[in-house]
Amino acid sequence: MNPGTGPRAGDRPDDHPTGVAYEQALAAQGRTPGQAPADGKAPADGQAQPYDPLKLCVYATVALLAWVFGAWAVLAFAALGVAGYWRARRAGLTRSKCYLRDTRLVLAYLGLVALAAAAALVLPHLPR
């Protein structure tokens, strides 16, 4: 490190760009951290990173919670999703990374899931 200038990239061997802004800049280029640019040259951000199956852990945790808490968990997650997508849509998000892509479709899907969970909670208690 140079005296009086503060830390700079390359001062440590493990020093490489990280953070949300960095990941958003790479996403704008259509890349992920560790992925080579379209020209085929080595990644500028260091060594390629191994695949992290974090989403699979998240899916398993959500499935476990839904199994343990039943329709209450489904209703809670759907309501949380609707609130999150509603807020994001009001902030200007129109395309999502969700499989449905369009945030209106995602909101409709999550609304139907919440409605189905609410029905599963209420219908058994209605007189026949």
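## Serine 96

The side chains of serine 96 and tyrosine 85 are joined by a polar contact of 2.7 Å. A polar contact is a pair of N or O atoms within 3.5 Å; within protein, one must be able to donate a hydrogen and the other to accept it, and residues adjacent in sequence count only if both atoms are side-chain atoms. This is a predicted model, in which local features need pLDDT of at least 70 and side-chain atom pairs count only at pLDDT 80 or more, while totals for chains, interfaces and linings use all residues. Residues are numbered from 1 along each chain as its sequence is written, and side-chain values use heavy atoms, with hydrogens and water left out.

Serine 96 lies in the loop between α3 and α4. The side chain of serine 96 also reaches the backbone nitrogen of cysteine 98, at 2.9 Å. Serine 96 counts as buried because its relative accessibility is 10%, buried being under 20% relative accessible area (1.4 Å probe, protein chains only).

## Threonine 103

Threonine 103 belongs to helix α4, residues 103–122; helices are DSSP runs (H or I, at least four residues), numbered from the N terminus. Threonine 103 has a relative accessible area of 0% and is therefore buried.

Leaving aside neighbours within four places in sequence, threonine 103 is in contact (heavy atoms within 4.5 Å) with Tyr85, Arg89, Leu93, Thr94, Arg95 and Ser96. With neighbours within four places again left aside, the contacts of serine 96 are Tyr85, Arg101, Thr103 and Val106.

Technical notes:
Helix = DSSP H or I, 4+ residues; strand = E, 2+ residues; numbered from the N terminus. Buried < 20%, exposed > 50% of the residue type's maximum accessible area, 1.4 Å probe, protein only.
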